[in-house]
Amino acid sequence: MATFKAIVRSVRKEGFMPVFIRVTQNRQTGYIKTDKMVSRKNLSKSGEVLDPFVASYCAELILEYNDRLNREDAKNWPVKEVVRFLAEGNKELCFSDYARLYKEKMMDNGQLRNAKNYEMAYNHLERFAGTTKIMFCHLTSAYINRWIDSLSNTRRAKELYPVCIRQIFRAAVKEYNDYDAGVVRIKTNPWGKVKIPQADRSNKIAISPEECRKFFTSPLPDSKMNEPLAELGRDVAMLVLCLAGINTVDLYNLKKGDLRGDRICYERAKTRKSRNDDAYIEMRIEPIIEPLIEKYLAEDEDPFLFRFHKRYSSSDSFNANVNSGIKIICESMGIPPEERYCVYTFRHTWGTVAQNDCEATISEVGFAMNHSHGSSVTLGYIKPDFSPAWKLNSKVIDFIFFSNKKSKQGEAKDLNVKTADEKGFRLSPKALIYGRAYFRGEILAEVTDIGFNNVEGVISALVNKLPETIPERCAVHFRIKNVDDGREAVYERTKGKGF
């Protein structure tokens, strides 16, 4: 049986002391703070409260506590449950308040993207309820089913939002209810009569290599902006495609330390908290995107690898602007609105080309794209060799940008492209050079000769052989190989700017 006593515990700076009700049960002690204060002159030498009003208030409060405990089978409750029951037992628990605390804990744990989903879920429920103070007792099965019906026209939210709300509800039940001790603060359990619908299946949004070639070689629409959205969209789409489908949130969050030589090493933000291997992967930088890496590198003193965060406040804002830029290009290409691409198109395209055109297995594609899989426990114990993913990525790039194949069979050619060293790709007049100019995956010009002092000389020789039919502002890729030492590099130039 719990016993109670009014006491003071500490002295505040102004000399007053807050009054507590000390709770003792099963040799354990807890405290319930009251809203009363006393001074030293209102205490006896033994610490008894002498102020008649405060003493009377505390005596009535202790009577109330005894009366409430007598109505419960509380003899085996731990003292913390007694304190919680007495301090909060008459208060209705607020689901909205708990949901916000739950989201804050997720953010503190680094689960920023998931926290955003949970926030959108309870915000939508509050809009449906018309209040930001939803109580747990309001969440009946009938009420939740009506809310889910209001989500029926959504593609993914009809499943995602109820799942988030259910998870918050279950976490609250686990925290507030102690069935062994007979403490039941949340008395409703609506989920047994709630059926959560499945989200609509995602459309397979991958595009063909032919469509990919057209996208990356299409003229960029005119813009008065210093950094046009269309240019950003094309460049980021190229980075995504040529880094085995990396997500924009990971591009945005990359730090200087994630660039290690010719590799980008990172943990995938979406799944790093749920995998034993922290969703870690290393992807080699292929020559075709070296100019883009240099173009968007942040300043030396900046901890971030790229300067995207200088212009965009969050990864979501960055992703939205990249998608806007991609859609501007699609519009200029005459692609109908319902068929226009987004940045995720190029992640899907990488996986599709790798499997269909480069003969990769589903497992190999999943490994290169850093998907969760059944061996993630094992990957938490070993240091994997990522070179198979690099080779597959090289095959995909070769198939899309350096061939005009329409077949979905066979491997890509020339897998031994080597990255130029840190001093640049230097040429000697005595070296035999083999250069090719590609437009939409097709070789339009070739040169094999000696006497070139630098890369620009080779590019100029190839440009002179290009047909005049290439539209202005279209990109052409130049692949230059030093036949003597086998080193090779890739460059991009835009008609009207680069040549």
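Trainee: Is D398 buried or exposed, and what is its relative accessible area?

Mentor: Bear in mind that this is a predicted model. A residue is called buried when its relative accessible area is under 20%. D398 falls under that cut-off and is therefore buried, with a relative accessible area of 4%.

Trainee: Which residue meets D398 in a salt bridge?

Mentor: The contact between the two side chains is 3.4 Å from N to O, and a salt bridge here requires a distance within 4 Å. D398 belongs to helix α16 (residues 387–401) and its partner to strand β9 (residues 475–482), so the pair ties together parts that are 81 residues apart in sequence. That partner also counts as buried, at 1% relative accessibility, and the residue is R479.

Trainee: Which other residue forms a salt bridge with R479, and how far apart are the closest N and O atoms?

Mentor: The residue is E488, which is buried, as is R479. In the salt bridge of E488 with R479, the closest N and O atoms are apart by 2.8 Å.

Trainee: How many salt bridges does a search of the whole structure find, and which residues are linked in a network?

Mentor: The search of the whole structure gives 23 salt bridges. The residues linked in a network of salt bridges are E231, R234, D235, K295 and E492.

Trainee: How many bridges does strand β2 make with β3, and which residue is the bridge partner of R22?

Mentor: Strand β2 (residues 17–25) is mostly covered, since seven of its nine residues are buried. On one side β2 runs antiparallel to strand β1 (residues 3–8), joined by six bridges, with I7 standing opposite F20. With strand β3 (residues 28–38), β2 pairs in the antiparallel sense over eight bridges, and the partner of R22 there is Y31.

Trainee: Which residue takes a positive phi in the hairpin of β2 and β3?

Mentor: The hairpin has two residues between its strands. The phi in question is positive and near 50°, and the residue that takes it is N26.

Key: Residues numbered from 1 in each chain as written. Predicted model: local features only at pLDDT ≥ 70, side-chain atom pairs only at ≥ 80, totals over all residues. Heavy atoms only, no water. Helix = DSSP H or I, 4+ residues; strand = E, 2+ residues; numbered from the N terminus. Buried < 20%, exposed > 50% of the residue type's maximum accessible area, 1.4 Å probe, protein only. Pairing = 2+ DSSP bridges.
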